[in-house]
Amino acid sequence: MNLPSPVWLRRTRNSAAPLVLALATGAALAAETVWLDTLDLTSMRQGWGRPQLNRSVREKPLTIAGQTFTRGVGTHATSTYRLSLKRGSERFTASVGVDDSAGGAGSVVFQVIADGKRVFSSGLMKPGQAAKRIDVDLRDVKLLQLLVTDGGDGVNFDHADWADAKFSVNGPPPAPHVPPVEAPYLLTPKPGPEPRLNGPAVYGARPGHPFLYRIPAQGARPMTFAARNLPATLRLDTATGIITGTTPPRGDYAITLSARNTHGDSSRAFKLVSGDTLSLTPQMGWNHWYTHYNRITDAMTREAADVMIRSGMADVGYDYVNLDDCWMNAEPDARRKPDPGRIGPFRDDKGGLIPNTHFPDMKGLADYIHAKGLKAGLYTSPGPKTCAGFAGAYLHEAQDAKQFADWGFDFLKYDWCSYGGVVTKPTPLDEMQKPYRLMGDLLCQQPRDIVFNLCQYGMGDVWKWGAEVGGHSWRTAGDLGFELDRIFEVALKNCEHRDWQKPGAWNDPDYIQIGYIGNARGEGIPEPCALTPTEQYSFMSLWALMASPLFFSGDMSRLDEFTLNVLCNPEVIAVNQDQLGQCARVVRLGDDAFLLVKDLADGRKAVGLCNAGETPLTVTAKWSDLGLAGSQPVRDVWRHQELGVVAGEFRADVRRRGVVLITVGAPPAGRARSER
Ligand code: GLA
């Protein structure tokens, strides 16, 4: 017999010799054992630490409810590992559970997904619970995913063990799944030379405070702006489109904005609501964190403001230029080793906060940003120190709030870090709310509008009370960090809190990380993000459908055509900025397919046909799932194209990890397209 000699027969791993013998004698093939801990785990993603071979994530022996295992992989929720299986893969077996080194805390769910179908779920597993056995048939499976999700209570202490985990194979061993390489493609049409007015239809500001608004408008410059029915307390610079002055007395002001150039003109309604509520639509802008970390400087921040104008981002509505942590001083620290220019006293002899040497003139910086019609933001923490170990506001809250206002800042992100050290544990709800209520009240007392962003990771169900303590937005979970393959999961979780979201009160699932971002494992030096082009479009579609704050946190000095194409689609942004402020509801269609359905103020629905899976899928939006019937006009939001009037349902082939974003329904008669 002329036997082929496949490469895998020549491998030395385990027992190739008996296999050759079996083939030669015609006996049934004995399956070979391939241990999970022998595979290349560099692509295993996890929420904390690194995958450990034959040890827990804490580098202790793998132990589940007192049972010790000699082999396996210790990981930490949220953990994802994708494997390509070859012909001859037969079974995957393992014993899973929370490692005893978690110290009695944590809770997780183990899942095995085979070609997009969930073939094992452990259910909620807690520490001390005996290991659960997995035995999964792999015949005909091409893509296997091993997932550990948090048990719904965050990822703290979620030490998860894939113990005794092995494959039986009659062929090549499983290999880490390499996502298909996708060339960047452009969905957003190039803006024309004629004026197109963008930005929200409704805008909140507090009476008697300084007013600043730059009319977002695309089109060739020079352009001349006008504003009909502009209150007398405001003035418009007709060449730049920047409106300044003092917010008029309490009330609604129906203004018509317009812009004209040699190619045409455009106008749209703009309602100024002078009252207590800011951020009537989700905030948009840039935040330095995921790119520059502790390397941020005054010059980089000014550059970000310049680029926001020069790149056209401001013309579609981005307007906050926000500093995150590390603009203040830190103490010398042998572990973190802050740069010497950031080490110094936290405060002067009067208790005033001292910015570090990279920020020589905070007022000058805010003025610089304002001169472009943009707004300035900064960050601190209610604890004695921020998350990165810099000066926090503890016991200096009133002085700091006044200082931020005196410098001219328009936005404060208020973290939680190190406040945990000054409260009792477990922390009762009113104690958890206290620092935010205090700062919220102080910001309201300042003679300028300061948007207040709570960054306490969703503790105490912050979405239920964030607005009550003066917040305009709040993080609903921990840092998105670099686990960007979790964007669908994060979006689904964030949507669970949709009922609490309303104009002026936004759930915040963290920043948009596309283009060049920092590198999690290195020194944070910006590099291209790991998401495929489709995933980057999905990021933006999901955040638009959730009406989440849109803060780009990539490198403004490395904005390429593709990244701008993703960030600057005025119709996608209009879905995000819709004045109803609704977060989409989820319609589950399968393990990987779901719809996100968002009502728009003009009666249409924005719908995302979502595929969170690893392979392309056909996804169907049935009108009955949208609460519609009959025939409906459908529009492709990214491409700005009408797709026709469609009866009953709309079906789309959705790429791996993709979202097809459409609107369904007709806009009110007579409404110009550019006004959408
Ligand atoms: C926390 C926040 C991040 C960032 C850092 C700064 O981790 O969640 O968004 O502000 O602190 O240290």
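**Figure 1. Salt bridges in the predicted model, with a close-up of Arg 45 and Asp 485.** In this predicted model, a search of the whole structure turns up 41 salt bridges. The pair shown here is formed by Arg 45 and Asp 485, whose closest N and O atoms are 4.0 Å apart.

**Figure 2. Residues around the ligand.** The shell comprises Trp 289, Asp 324, Asp 325, Tyr 379, Cys 387, Ala 388, Lys 413, Asp 415, Cys 455, Tyr 457, Arg 475 and Asp 479. By residue class, this shell divides into six nonpolar and six charged residues, with no polar residue in it.

Figure 3. For Arg 475, the corresponding distance from a polar side-chain atom to an oxygen atom of the ligand is 3.2 Å. Taken alone, the ligand would expose 300 Å², and the protein buries 93% of that area.

Figure 4. The bond that joins Arg 221 and Pro 222 is cis, with omega at about 0°, and Pro 222 is found in the loop between β17 (217–218) and β18 (224–228). A cis peptide bond also runs from Lys 425 to Pro 426, where omega is near -5°; Pro 426 lies in the loop that connects β26 (411–414) with α6 (429–445).

Figure 5. Although Asn 54 is not a glycine, its phi is positive, at about 60°. The residue is located in the loop between β2 and β3 (62–64).

Figure 6. The protein has an average pLDDT of 92, and 94% of the residues score at least 70. Among its elements, strand β24 (residues 320–322) has the highest mean pLDDT, 99, whereas helix α1 (residues 16–25) has the lowest, 41. Over residues 1–27 the pLDDT stays under 50, and the model has 30 contacts beyond four places in sequence for this stretch. Residues 670–676 also have a pLDDT below 50, and that stretch makes 18 contacts in the model beyond near neighbours in sequence.

Technical notes
Residues numbered from 1 in each chain as written. Predicted model: local features only at pLDDT ≥ 70, side-chain atom pairs only at ≥ 80, totals over all residues. Heavy atoms only, no water. Near = heavy atom within 4 Å. Polar contact = N/O pair within 3.5 Å; in protein donor to acceptor, adjacent residues only side chain to side chain. Areas by Shrake-Rupley, 256 points an atom, 1.4 Å probe, with all protein chains shown as cover. Nonpolar A, V, L, I, M, F, W, Y, C, P; charged D, E, K, R; others polar. pLDDT = per-residue confidence, 0-100. Helix = DSSP H or I, 4+ residues; strand = E, 2+ residues; numbered from the N terminus. Contact = heavy atoms within 4.5 Å. Salt bridge = Lys/Arg side-chain N within 4 Å of Asp/Glu carboxyl O.
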